[in-house]
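Please look over the sequence and structure below before reading on. The briefing then goes through them topic by topic.

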Amino acid sequence: MSRAILYDSTLCIGCKACEGGCAERWGLPYDDKIAAEERISAHKLTAVETHGERYSRRLCMHYAEPTCASVCPVGALQKTSLGPVVYDAEKCMGCRYCLQACPFQVPTYEWNKRLPKMRKCDMCYERQNQGKQTACAEVCPTGATKNGERDQLLAEARQRIAEKPGQYYGKIYGVKEVGGTSVLFLSAVPFEQIGLRTNVPMEALPDLTWRVLDLTPDIVSTGSVLLGGIWWITNRRGEVARKEGPRK
Amino acid sequence: MKLKLPKITVWRAIFAVILLSGLYATCLRVLYGLGGATNLSDRFPWGLWIGFDVLCGVGLAAGGFTLVAIVHIFNIERYKPILRPAILTAFLGYSLVVVALLYDLGRPDRIWHPLIMWNPHSVMFEVAWCVTLYTTVLFLEFIPVVFEKFGWHKPLGWIHNISVPLMIAGVLLSTLHQSSLGSLYLIVPEKLYPLWYSPILPLLFYISAIAVGLSMTIFESWHSSRAFGRALELPLLASMARVLAVLMSAYLWIRFLDLAHQHAFPLLLRNRTETWLFALEIALMAVPTALLYQRKVRMSPGALYACAVMVLFGFIANRLNVAVTGMEAGSGAHYIPKWTEVAVTLSIVGAGFAIFRVIAQYFPIFEAHSQQHAPRKMAETEADSVAVG
């Protein structure tokens, strides 16, 4: 079983309580000025976006085969069996490949620090591990953000659509996107209208590189034999030529 | 002995200005972090230092493994006179890439982390290992020059004993990471502009690296012949230019096929920055390729040099297009490097030229092999128009 978040844009009133809860859980400053920033950054790990009269949340999608965990050269990012994708700042060397590779542009960097870290939502791994709700779900006054088991949340989302088909765009974002995410979205309108990326592949991205990296042992073994063989042949030719040279 | 101040020339003055600005930029980088020294952002995390210093730097150093393969594995000995400068370029190139990484990494003090904290699924992990190992290989391939200079025959023998496996390892490591620099971008299909994104990016990076390695060899031979008043190995360079022309033709043809398979041609009709920079990149590669098919061009030092430079710029345009131009629209960000980024990059390039010059002056980089090939013999081969040029 894996934990997930269901965000229902139709229930969200844009109160930004989730932002405040998140800032508190991370010990980050939060005031009106920061609340007005509608973009995630190293000091704001979730953001409520306004799209006309509708709202949407930005946070880490914690999908099944995370791109960030796959690209990280030091394995500082890991997908836990509990569901969240967690980050070990002690390993990170700051190559920022995770920022570059994330299709949702979630990881952010402490650009102005001398000893910077990457920052992103970790779906309150510690809290969930202790059986608590994520900070954002706990403070949400309308139930727009709900925390629970992915299967149950998925069933609930389907039920909501079935009960009020007129109120929802009939799909759930995150079922198939990049191989299935742990943050699911419901919306009244097509997802691109609330700022979600609909051009992401429906397969897990790490496969794209693994297809090539997987060939490494083949390239090394075949290459050694081939190059060694070529050297052996050409070198022998040279030796023969040197020996026969004076006789001519 | 009279103490003499170095003569002030225009080039030396420019070099000094670049180094001083680089030094100042370094202070800013250390004091104010990446945010203070670069125009990078969350949406555009890789800029000039990755796009130029790393992607181009590693590519421009590809002449090392290409010539080692030609001379020692394929045993085409007549290229030997240009092998050492190519190895020196490669060794310096890789060392400077590591220096550039120290600027670019958020935590340069942890540059060694990938060596003990493994993630074999990461292309970056593979690149880190290959670059570390290959820089070591290059060091070992270069160090005989130092041993020769001081007449240390014993260590020279040790290196000689392991030279064949060393060279094979060098070629393999280069093959892996030159292509892997392209693989780095396989994971951003929705961000990289379709004129550059391709599932065969690793192959394209590999072929173009070999081509630019050859161009770089022509480039540095031309410059060193002027700097040290040596005779230019024209017949050698001309026959290498032949290989370059064929390689570039194959590369351009594969690019064309790839764009066709991806149905990317309609994109060329759009009036966008991407289209024009793509056209520039292709022109910089296609024009010298076409020219190099003419014997007249190959046998004229000036024209040959101009073609090599065009290929170098075409290659740099390609890498910068992949790293910067192609990533802007998909990332929703606009990036122009800050002056500090440019200053550091120019300083690194300048330092590369200066160190090369100093080493070439004091160590047997050029003379060792040209002594073996008597000038008379060179003249003979030059006249033999069927074999060369």
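The points below cover a predicted model, starting with one chain and moving on to the contacts between chains.

Chain A has 25 Å as its radius of gyration, whereas a compact globule of 248 residues would have one near 18 Å. On the side of chain A that touches chain B, helix 9 of chain A gives the most residues. In chain B, helix 6 bends by about 30° at Phe142(B).

**Chain A as a whole**

- The secondary structure of chain A consists of nine helices and nine strands.
- Along the principal axes, a box of roughly 95 × 45 × 35 Å holds the C-alpha atoms of chain A.
- Of the 248 residues in chain A, 44% are buried.
- Among contacts in chain A with a separation of 6 or more, 62% join residues 24 or more positions apart.

**Where chain A meets chain B**

- Contacts between the two chains involve 50 residues of chain A and 43 residues of chain B.
- Five elements of chain A each supply at least two residues to this side: helix 3 (67–71), helix 4 (97–101), strand 6 (108–109), helix 8 (206–213) and helix 9 (216–244).
- Helix 9 of chain A contributes twelve residues to the side that touches chain B.
- By type, the residues on this side of chain A are 28 nonpolar, 18 polar and four charged.

**One residue of helix 9 in chain A**

- Leu226(A) is part of helix 9 of chain A.
- Leu226(A) counts as partly exposed because it has 13 C-beta neighbours inside 10 Å, and a residue is exposed at 12 or fewer and buried at 20 or more.
- Between Leu226(A) and Ser187(A) there are 39 residues in sequence and 57 Å in space, taken from C-alpha to C-alpha.

**Helix 6 of chain B**

- Helix 6 of chain B covers residues 123–150, which is 28 residues.
- From its first C-alpha to its last, helix 6 of chain B reaches 41 Å, close to the 40 Å expected at 1.5 Å a residue.
- The bend in helix 6 of chain B is at Phe142(B), and the proline Pro144(B) follows within four residues.
- After helix 6 of chain B comes Gly151(B), with a positive phi near 70°.

**The nonpolar core**

- In soluble globular proteins, nonpolar side chains tend to be buried together.
- The largest nonpolar core here has 184 residues.
- The residues with the most contacts inside this core are Cys98(A), Ala211(B), Ile218(B), Leu244(B) and Val311(B).
- Beyond its neighbours within four places in sequence, Val311(B) is in contact with residues including Ala211(B), Leu244(B), Met285(B) and Pro288(B).

Terms used. Residues are numbered from 1 along each chain as its sequence is written. Chains are lettered from A and ligands numbered from 1 in the order in which they are written. This is a predicted model: local features need pLDDT of at least 70, side-chain atom pairs count only at pLDDT 80 or more; totals for chains, interfaces and linings use all residues. Two residues are in contact if their C-beta atoms, placed from the backbone, lie within 7 Å. Ala, Val, Leu, Ile, Met, Phe, Trp, Tyr, Cys and Pro count as nonpolar, Asp, Glu, Lys and Arg as charged, and the others, Gly among them, as polar. The expected span of a helix is 1.5 Å times one less than its number of residues. The bend at a residue is the angle between axes fitted to the seven residues ending there and the seven starting there. The radius of gyration is taken over C-alpha atoms; the globule rule is 2.2 Å times the number of residues to the power 0.38. A nonpolar core is a set of buried Ala, Val, Leu, Ile, Met, Phe, Trp, Tyr and Cys residues joined through C-beta atoms within 7 Å.
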